Amino acid sequence: MLSKSVCVYCGSRFGWDPAHKETAQALGRALAAEGWRLVYGAGDVGLMGEVARAAQGAGGDTFGVIPAHLLALEVGKRDLTRFVVTETMHERKKVMLMNADAVVMLPGGAGSLDEFFEALTWRQLGLHDKPIVLLDADGFWDPLRALLAHVTGQGFAEPSLLGYVQSAASAEEAMALLRRALS
């Protein structure tokens, strides 16, 4: 029986920095080593594919969720432990978050940011109390953290919003934060 599940938001591309690919692989292996299930967007491309293949290669349980219209574009990874196809992006995000005990966000684009902000908003509204970790290898998420500080500093959110998001510089640090939060 799985003890925990971690939802990972990340890009369907690799980006320019090779450290992001290495971080995705390290996170996938670390989740498997911990005996925790990877919940993610079910793509077999970019960082999504890397985190899933690394988890699988280390014997991990994988739960992928993809909307029907992205099956071809994101190359739906059908060899996962569990593969779910939804009708809409909104359903995808809901299924992913509801089947996880925590969230980790690797580098990504607009889709990853959309997922992150929905999870953060739901946390702010009290719809869940799951930890949210920005895996901030090479400072990728520094601008996002600055934006959140700006939003709260300008009075558009309570300062408590900042406490809902933790940052980690490596997969190992992210796992340490998750172990503490989920124990």
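Thr152 touches Ala157, Glu158, Pro159, Leu161 and Leu162, leaving aside residues up to four places away in sequence; contact means heavy atoms within 4.5 Å. Thr152 belongs to helix H5 (residues 142-153) and counts as buried, at 11% relative accessibility. Buried means under 20% relative accessible area, exposed over 50%, and partly exposed in between (1.4 Å probe, protein chains only).

The model is predicted: local features need pLDDT of at least 70, side-chain atom pairs count only at pLDDT 80 or more, and totals for chains, interfaces and linings use all residues. Residues are numbered from 1 along each chain as its sequence is written, and side-chain values use heavy atoms, with hydrogens and water left out.

**Sheet and packed helices**

Helices (H or I, at least four residues) and strands (E, at least two) are DSSP runs numbered from the N terminus. An open sheet of 7 strands is ordered S4-S3-S2-S1-S5-S6-S7, with parallel pairing; two strands pair if DSSP finds at least two bridges between them. Its edge strands, each pairing on one side only, are S4 (82-86) and S7 (165-168). Strand S1 (residues 5-9) is joined to the parallel strand S5 (residues 102-105) by 4 bridges, and Tyr9 stands opposite Met105 in S5.

Helix H4 (residues 110-124) packs on the sheet, touching S1, S5, S6 and S7, and its direction makes about 150° with that of S6. Axes are lines fitted to C-alpha atoms, for helices over the stretch in contact, and angles run from 0 to 180 degrees between N-to-C directions. Helix H1 (residues 18-34) lies across S1, S2 (37-40), S5 and S6 (132-135), running at about 170° to S1.

The axes of H1 and helix H7 (residues 171-182) come within 9 Å and cross at roughly 40°. On the H1 side the contact is made by Thr23, Ala26, Leu27, Ala30, Leu31 and Glu34, and on the H7 side by Ala171, Met175 and Arg179.

**Salt bridges**

The structure holds 9 salt bridges, each a side-chain nitrogen of Lys or Arg within 4 Å of a carboxyl oxygen of Asp or Glu. Three of them are tabulated here.

| Pair | Closest N to O distance |
|---|---|
| Arg92 and Glu74 | 2.6 Å |
| Asp114 and Lys93 | 2.8 Å |

Asp114 lies in helix H4 and Lys93 in helix H3, so this pair ties together parts that are 21 residues apart in sequence. Arg92 is buried at 3% relative accessibility, and Glu74 is buried at 10%. Lys77 is buried at 5%, whereas Asp79 is exposed at 51%.
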